[in-house]
Amino acid sequence: MIKGPRSLPPVNAVLDAVRAALAEARAALLEGRGAATDPDTLARRALVLIDRREADPGRLRPVLNATGIVLHTGLGRAPWAEEAVERASAVARGFCNLEFELEEGERGRRTSGVVPLIRELTGAEAATVVNNNAAATELALRALAAGREVVVSRGELIEIGGGFRLPEVFEVSGARLREVGTTNKTRLDDYRRALGPNTAALLRVHPSNYRIVGFTEQAPLPDLARLAHDHGLWMIDDIGSGALAPGLPSGVDGEPTAAEGIAAGADVVLFSGDKLLGGPQCGVLAGAAPAIRRIEADPMMRALRVDKTTLAALEATLRLVRDGRGPDRLPVWRMIAAPLEELAARAEGLSLAFRDLGLNASVVAAESQIGGGSAPVRPIPTRAVRVDPPFPPPHETERAWARALRLGDPPVVARIQAGAVLFDPRTLAVTDEPPLIEAVRIIGKID
């Protein structure tokens, strides 16, 4: 029998491995292939399966993002600041005062750490947090307009990632959609003519993942807010992408901000805690106290609330922004604002390292994207490393080599473009460069 010291695996793991080894042998015999069925061979195969199980890193793994897409939805969107990671880890390790006031020794509010920061940064009277911005939209519609009509421009009937469409969100919320205007032009009078005794709110939705340009017109938010309030209605402003105020972050133009929505008179502004804010995935609702109180009183609020780690990371992120440290500490903000000269120098260093490995690498002008449904028509100039054929054997094509990189350790996700593989340093931390070079060396079997 097999000998040698090793820690004992769990009993269920041993049983699963033995059953799998027996099933493999049985299948081979049924298919007419030879299979050893003696106890020693089956035991050795079971040990291999146990080792493979123990070495499995799990489904979610850190990856190196060389695509140049800053908020890459498939890759988890916003990487957190170190301060956010540390705070989330600290509260995850044990108990914390999530809903407990230490001074009074009584039950407290779970959002008490983030609400004052949101109010300070946006000018809102009140705020609350749910698990993402789609949930924020659904909850606002349900709490403020269930069973009644909400007026929306036809040019704002968006579809977000995963195929979820605004009319479907309305259907789930219980509010009734009232479309006005046309795809490219919706005037204030269109909203006014749609008002009736069953109208509950006006809704403006930022088309964050597309733009309608050319012969267009839309009603300004201050005018919409006045119209809503003159008729005793709610004004809901769904800005989606998560910019807090002008310049937060810098380098992003044309995106609506939460502070501007509040100043324009919106009763509630909805936005993401990740995306342009650069924190954890969540949805923030900020605005007038009566609207927020009504939203928080809705029974669905409990189902959509966030956990302690999200709140800890969000609080740390908001503190960095409040203290003026966002540009230096938030990875998303740094990536968006990275100077072209710095990216060119880093690309040249990577290109030289790749050439030393025998690759046909060069530095080229390219474009990065903010991604995540933010600023879709405003690419950012960048410098990338382009690797052209021939690729390291046995990877004969750019797709084969890119796939091998994705399956490496760590996985590297690059961009395939015009027969080449591109690596954009904008979305790579400086500390990512050594493991990237090593991954390229190992995958290409280059000594």
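**A walk through the strands and helices**

Start with strand S11 (residues 199–205): seven of its seven residues are buried, so S11 is largely enclosed by the rest of the structure. Buried means under 20% relative accessible area, exposed means over 50%, and partly exposed lies in between (1.4 Å probe, protein chains only). Strands (E, at least two residues) and helices (H or I, at least four) are DSSP runs, numbered from the N terminus.

This is a predicted model, in which local features need pLDDT of at least 70 and side-chain atom pairs count only at pLDDT 80 or more, while totals for chains, interfaces and linings use all residues. Residues are numbered from 1 along each chain as its sequence is written, and side-chain values use heavy atoms, with hydrogens and water left out.

Which strands are joined to S11 by bridges? One is strand S6 (residues 149–153). Three bridges join S6 to S11, and the two run parallel. Here glutamate 149 stands opposite threonine 199 of S11. Another is S13, joined to S11 by five bridges and also running parallel. Arginine 204 has aspartate 237 of S13 as its bridge partner. Two strands pair if DSSP finds at least two bridges between them. Strands of a sheet pair through backbone hydrogen bonds, either parallel or antiparallel.

Is methionine 235 buried or exposed? Its relative accessibility is 0%, so methionine 235 counts as buried. Contact means heavy atoms within 4.5 Å. Not counting residues up to four places away in sequence, methionine 235 touches a list of residues that includes Leu202, Leu203, Arg204, His229 and Asp267. Leucine 42 lies elsewhere: methionine 235 and leucine 42 are 193 residues apart in sequence and 69 Å apart in space, C-alpha to C-alpha.

Next comes strand S5 (residues 126–130). Five of its five residues are buried, and S5 is mostly covered. In a regular strand the side chains alternate between the two faces of the sheet. Both faces of S5 are covered. Ala126, Thr128 and Val130 are buried on one side, and Ala127 and Val129 are buried on the other. Five bridges join S5 to strand S15 (residues 283–287), and these strands run antiparallel. Valine 130 stands opposite glycine 283 of S15.

Move on to a sheet of five strands. It is open, its order is S2-S16-S17-S20-S19, and its pairing is mixed. Strand S2 (69–71) and strand S19 (415–417) stand at the edges with a single partner strand each, so one side of each is left without a neighbour in the sheet. On average, neighbouring strands of this sheet are turned by 40° against each other, direction ignored. S19 and strand S20 (residues 420–423) are joined by three bridges and run antiparallel. Glutamine 417 has alanine 420 of S20 as its bridge partner.

Helix H16 (residues 398–406) packs on this sheet, touching S17 (380–388), S19 and S20. The direction of H16 makes about 40° with that of S20. Axes are lines fitted to C-alpha atoms, for helices over the stretch in contact, and angles run from 0 to 180 degrees between N-to-C directions.

H16 also meets helix H17 (residues 433–443): their axes come within 10 Å and cross at roughly 120°. The contact is made by Trp401, Ala404 and Leu405 of H16 and by Ala439, Val440 and Ile443 of H17.
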